[in-house]
Each structure stands twice: as structure tokens, then as C-alpha cells.
Amino acid sequence: MAAVIEVRGLHKTSSGRAVLDIALLHLRAGESYVLSGDNGAGKSTLLRVLAGLEPATVHSYRFRGDELDPARLPSRVRRQIGYVHQHPYMFNASVQANVEYGLRVRGIASGERKARVREALAWAGVQDLAAMPAPQLSGGEQQRVALARLKALSPCVYLLDEPTANLDADGRRRVIELLGRLAGADNVVVIACHDQEVINLPGLVRLHLSEGRLDAAPRNAIAPLRETRIGG
Amino acid sequence: MELWDTTRQALVLLGTGDPELWQIVGVSLRVSLSALLLITAPAIAAGFVLAHVAFPGRRALVVLVQGLLSLPTVVVGLVLYMLLSRQGPLGDWHLLFTQKAMILGQMMLALPVLTAYTVTAVQGADARVFETAVSLGAGGFRAALSTLWEVRFGVMAAVFTGFGRIISEIGCSLMVGGNIAGLTRNMPTAIALETSKGQFAQGVALGIVLLILALGVNVALAALQGQGGMRKAWQP
């Protein structure tokens, strides 16, 4: 399968310390990746760089074959990449309005917008919360609303930062169930995670970050990966 | 009971719709609301940029804007007077002793207030707001508007504070307006004039209007804040 995102020579330093040092990263359509690593290994930073939210030195960044500057992604590309913070931000508005936001930004007509919001809320099992003020929801509910907010936009790339962190058992179970249903034939899902249950989800390609460097994760069906060929 | 008599006369003036008094109130409102209308958008934009965009000299600019909060109104009046006077560089505009000159002066006074308060409001916003908007597909301008919407009470406080600053200022209006009856005489300059003439009733009446305006603005702000503001996400 073709790479949706291909990054070569990604380097990032902070206070003189290398935070990321990745020779090659291939993210292919139809694949879901779990990115593990210790605290400070660079997982969140990598996701933020891929999302265009943080600058980094990159030898080349290709999105569906187009050479781009990740710090200045054009709108058409940025709208293909969805990112969710570890603690998702909820606009001070209803759940419905939160899920609708990205569709409004895209100028989707009202009828289609409502239908897609309904569909996304039902997909995440939060349709009963539609009228609730989103900032008042529990952490697990907010995470599901954040996933619905992205799902409504059908992005090509989902970048999820520790989606199960700090959730209670029930919230965690529901989010993990959604993560298992997020992948599609045309999209890429990358989940930065510590959670062993997520790491062990079937069908995920495992990537491991250690001190900013990618290496093959211990339990992966893929042949041991070299630094120059990551992601399958 | 001179105070009581003066207050009673002031209330009579207000109640009987004294045309001169309400004309002065009209000048005040027209000048201050025009200044506010013209300066609000650029001041809020400047405040957002100062709070959100990193560039060399930003910190110095923030300190400068905060320092200008206590800018004496007569100094603004003096500078503007020199610029607009016949020998000044903008003398050809013939703006001195007009409402337009007063509007310009009040814009200069409101600018640092609105900008500094907006900087504080945006700096207090959650850093994830802008990123969330961007990651949901918003462009920089729209994400900025969404961020401002999330801190709208702070931004509104900036606008109301700016209005409070200019509706009650006297130094600049007096210097570049000239306190011309029926043209540039506003509430503060009229109060000063009437008091100097020993005629307190109109001054007290105008003072009551100023107080009501100030209280009204604060009550409106408190009411808005009290709503909690759970609305739809901002949609330009």
C-alpha cells in the first residue's frame, strides 16, 4: 500500500538535546500504528510534528507523494490530518456544536452537517450527550466526543495522543473499543500509547520510540525493522 | 441644603428632557462609541498577535502597551493638538476642534487598554484551543477568532473598560475638541465648565448620566459573565 505520510531525516532538538532523530517513517493507508515508548521518548512530539503543530528539521516530508513543509502544510492537507490531545480540548459549547465545528469550518451545508454529526455521535455512543455542555463531561466522555469530532470529518490520518490515559476503567474500555473501529481501508491511525491493552490490540503495527529514535517493537509480526525502513 | 437643591434641579433637568443637556450626552456617546467602534477590531487583533505570535521584541511591546495604560489623557491631547494644529504636520486636515479630533484622541486612549486586556485574556486561554481549532481544519484567522470566542468575557471586559476610560476622559477632549457648545462639548468637559461657572445643576445631571452609564456597563458585563456562556462553538 502507498505511503500516506513519508518522512525522511526528521530531527528535533530542545535545549540542545535531541528529542527526535528519525531516519525514515512510512505511514501507509489501511494501517494502524501504535507508538510506544517511555515518558519523554518523543511520542507526543512526533505526533505534533506530523500534525504540523510543532516545527522540526525535516529532510523531506511527503503527503501522498507531494513534497511539503510540515510546518506550513496547505489547508487541503491539514484537513486530512486529525490530531487529538492527550486531554482533548472541548470548546465551551454543546457536544453537538463541538462535533459540528470542523464541518462548519469546511463549509458543509447544514443538512449534511447535521447528518454527519448524528452519525459520528452514534458511532462514538455519545448521542445522548449531544445537548450537554462538552467541558462538563467526564474525561472518558470527552475523549469519545473528541474521536467523534474527528470521525465526522473522515480525515485520512488520525493522530491520537495517549487516548486512554487517566481514564477510569469504563471510560478506558469504551475508548479502546472505539480505537478498534477507527481504522479504515483508506486511512492511517497512529496511537501514541503506554496502555498495554491498546498496544496489544490485534492488527496494529507497533513502533517504539526510545530517546527520539524509532526501532522495532518487541512483539511484531513484521521482520525486525531497521531504522531506515519503519512501518512495514 | 444646597446639595439637595442642586440634585433636585439636576433631576428636573434630566426628567424634563432639557435639550442642551441631552445634546451634550449625545455628543459624548457619538464620539466615544465611534472611537470604540473604530479601534476595537485593530486593538483586539494587536492583542491577539502580541499574546500568541512569537517574534523578536514582543516582550518589549507588551511592556510598552501595559505602560501606556496609564497614559495621561492631557498628554495624548497635547500630542494630537500639535499634530492637528495649523502649523502641525496634519494641519491641512482641519480636524482641530472637531468631533473627529476627539474621536482620534479617544481611539489613542482606548488602544492600549483594549490591547493590554486582550493580551491578558488570550494569554489566559488554554493553549490547546488554537491547536484544536487548527487540527479540526480552521485556518489561522478562524482559529484566532475561535480562541477569542473562548475568552470572550475577557475580551468584552477589555471593550467595556476601554469605553469606561474614554467616556469619562476630559484632558484630550478639552484640548482637541475645544469644548464648543453644540459641537464638541461632551459630558466631562461640560461638567468642568459648569462647575467653574458655579452652576452645578447641569454638572450633577451629567454626572448622574455618566454614573448610570458606568454602572450599566458593569451590570451588563456581570450579566453576560453570569450566563456561563454555554453557546454554540463560534462560527464566522
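Colleague: How many residues lie between β1(A) and β2(A) in the hairpin?
Modeller: There are 2, and S15(A) in that turn has a positive phi of about 50°. Strands here are DSSP E runs of at least two residues, and helices are H or I runs of at least four, numbered from the N terminus. This is a predicted model: local features need pLDDT of at least 70, side-chain atom pairs count only at pLDDT 80 or more, and totals for chains, interfaces and linings use all residues. Residues are numbered from 1 along each chain as its sequence is written, with chains lettered from A and ligands numbered from 1 in the order in which they are written.
Colleague: In which sense do β1(A) and β2(A) pair, and over how many bridges?
Modeller: Antiparallel, over 10 bridges, with β1 covering residues 3-14 of chain A and β2 residues 17-28. Pairing requires at least two DSSP bridges between the strands.
Colleague: What is the bridge partner of S14(A) in β2(A)?
Modeller: R17(A).
Colleague: Switching to chain B. At what angle do α4(B) and α5(B) pack?
Modeller: About 135°, and their axes are 10 Å apart. Axes are fitted to C-alpha atoms over the stretch in contact, with angles from 0 to 180 degrees between N-to-C directions.
Colleague: Which residues of α4(B) meet α5(B)?
Modeller: T73(B), V76(B), G77(B), L80(B) and L84(B). On the α5(B) side they meet A101(B), L104(B), G105(B), M108(B) and L109(B). Contact means C-beta atoms, placed from the backbone, within 7 Å.
Colleague: And what does L114(B) touch?
Modeller: Leaving out residues up to four places away in sequence, its contacts are I39(B), T40(B), A43(B), I44(B), G47(B), A158(B), V159(B) and G162(B).

Key: Two residues are in contact if their C-beta atoms, placed from the backbone, lie within 7 Å.
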